[in-house]
Amino acid sequence: MRAAAERGVPQKERQEEAGSHATDVPAEISDASVALQGPGGDQIGDAGAVGAPAARAVKPAARSPSGRAAPAKAVAGKPALASLTDWDAARIFLEVVRAGSFRSAAERLTLSINAVRRRIDDFERQIGATLFTRDVHGARLTDEGALVVSAVERMETAAFELLRAGDGLAGAASGEVRVAVTEGLGTFWLAPRLVEFQQSFPNVLVDLYCAMRSADVSRHEADVAIHLSRPSALDVKLVRLGRMHLMCFASEKYLDVYGVPNTIDDLMKHRLVLQVADEAAANEAFASIFPGFEQRDLIAMTTNVSSANYWAVAHGAGIGVFTTYASALGGKMIPLEVELKWSYDIWLSYHATTGRIPRVRHMIDWLVEAFNPGKYPWFKDEFIHPRQLKTVYMGEPLTHLFGGFPMEGRQD
């Protein structure tokens, strides 16, 4: 089951010298995810970030009498195809369009903001037209920019098809495969069990890419991706793997000191630990659960990844939200009977052409079995209380299955 797309990942550039202080224009609301999140990387909201004011103004494109932006004049007439010497700049241009700002694009591409600006400036010079105007609302396309977007998207599609065609020539179950997954599911569920796949396919290199942002297999960001919301892309194959359930947990150590909450009102007297991947979404989720309260009144700690969130709560930092199998990860975690529960469908996506590559096909099949609700009941559609898991699952010890640390004999 080959799951990854090593190609299409932007090449990193070195950051600007320490003396550079340019900032970006505000970003539009992006598609970043996850406000409250447990070991499975589960989300409780969507939103984006807003950047800082632009460091320098950029003169907008001139307007014709009709009100439409007039194209900038090339130095020596209409640009020729040979003038497009930097094809990578076209890809960066497309990322800025999709992200809505230079800052968001820089974060996705793991480049500095100034490096992105330089590439866009170079691309505009090559095209011979102003492609963006910059204002307080972000980077906005000119009419000429909109035409270029269509052309660059066709270039992108052709490039991905070329890569897939090359992959298809490999034939044998060997080579590299990228599996993109949320950090919690990747760390606590897939990573401990990938040895099963490696034993069956020793010549396949697995690139397990764990991140908060969902990967887009249609853009070759991964061969196979696992999501906690249904992908909207039309040109991908989707498989519903199962369902993830979340609830509140705390450690024995914490409950011994602060007592056991039984209601949402009780939670207002406790310390909360939250995984926050998106500040705006976290604020919205907090306000919906605790109206009238400030976060500083209840939240003791925030973190951006599932593993740090889990072990902070397991060692007594406060109450957190986790998947129902949280106790099996090795911490002395106690499920709370507070009426706060969430659930998310788990989706697998892959491109139809990529799915025909043998190593990817093997990875897809393995992943489908790895989330089989009939074999692993915590992925069933119906909620199963953590205390029931040991009775409904008859396989190897849960702590071993999740790669957790045995609790017997521990002196926490």
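Is Tyr 254 buried or exposed? Tyr 254 is buried, with a relative accessible area of 1%; buried means under 20%, exposed over 50%, and partly exposed in between, using a 1.4 Å probe and protein chains only.

## Basis of the report

This is a predicted model, in which local features need pLDDT of at least 70 and side-chain atom pairs count only at pLDDT 80 or more, while totals for chains, interfaces and linings use all residues. Residues are numbered from 1 along each chain as its sequence is written, and side-chain values use heavy atoms, with hydrogens and water left out.

## Aromatic pairs

Rings of Phe, Tyr and Trp (its six-membered ring) pair if their centres lie within 6.5 Å; planes under 30 degrees apart count as stacked, over 60 as edge-to-face and the rest as tilted. By this rule there are 20 aromatic pairs. The pair of Tyr 254 and Tyr 258 is stacked, because the ring centres are 4.5 Å apart and the planes are at 25°. Both residues belong to helix α7 (residues 252-258), where they are 4 residues apart, about one turn of the helix. Helices (H or I, at least four residues) and strands (E, at least two) are DSSP runs, numbered from the N terminus. Tyr 258 is partly exposed, at a relative accessible area of 43%.

Tyr 310 and Phe 322 form an edge-to-face pair, because their ring centres are 5.5 Å apart and their planes are at 80°. Tyr 310 is in helix α11 (residues 306-314) and Phe 322 is in strand β9 (residues 320-323), so this pair ties together parts that are 12 residues apart in sequence. Both Tyr 310 and Phe 322 are buried.

## A cluster and a charge

Ring pairs also link a cluster made up of Trp 189, Tyr 325, Phe 371, Tyr 376, Trp 378, Phe 379 and Tyr 393. Over the ring of Trp 189 sits the charged end of Arg 193, 4.6 Å from the ring centre. A charge sits over a ring if NZ of Lys or CZ of Arg is within 6 Å of the ring centre and within 35 degrees of the ring normal.

## Helices α2 and α3

The axes of helix α2 (residues 102-109) and α3 come within 9 Å and cross at roughly 105°. Axes are lines fitted to C-alpha atoms, for helices over the stretch in contact, and angles run from 0 to 180 degrees between N-to-C directions. The two helices, α2 and α3, are therefore roughly perpendicular to each other (65 to 115 degrees; under 35 is roughly parallel, over 145 roughly antiparallel and the rest oblique).
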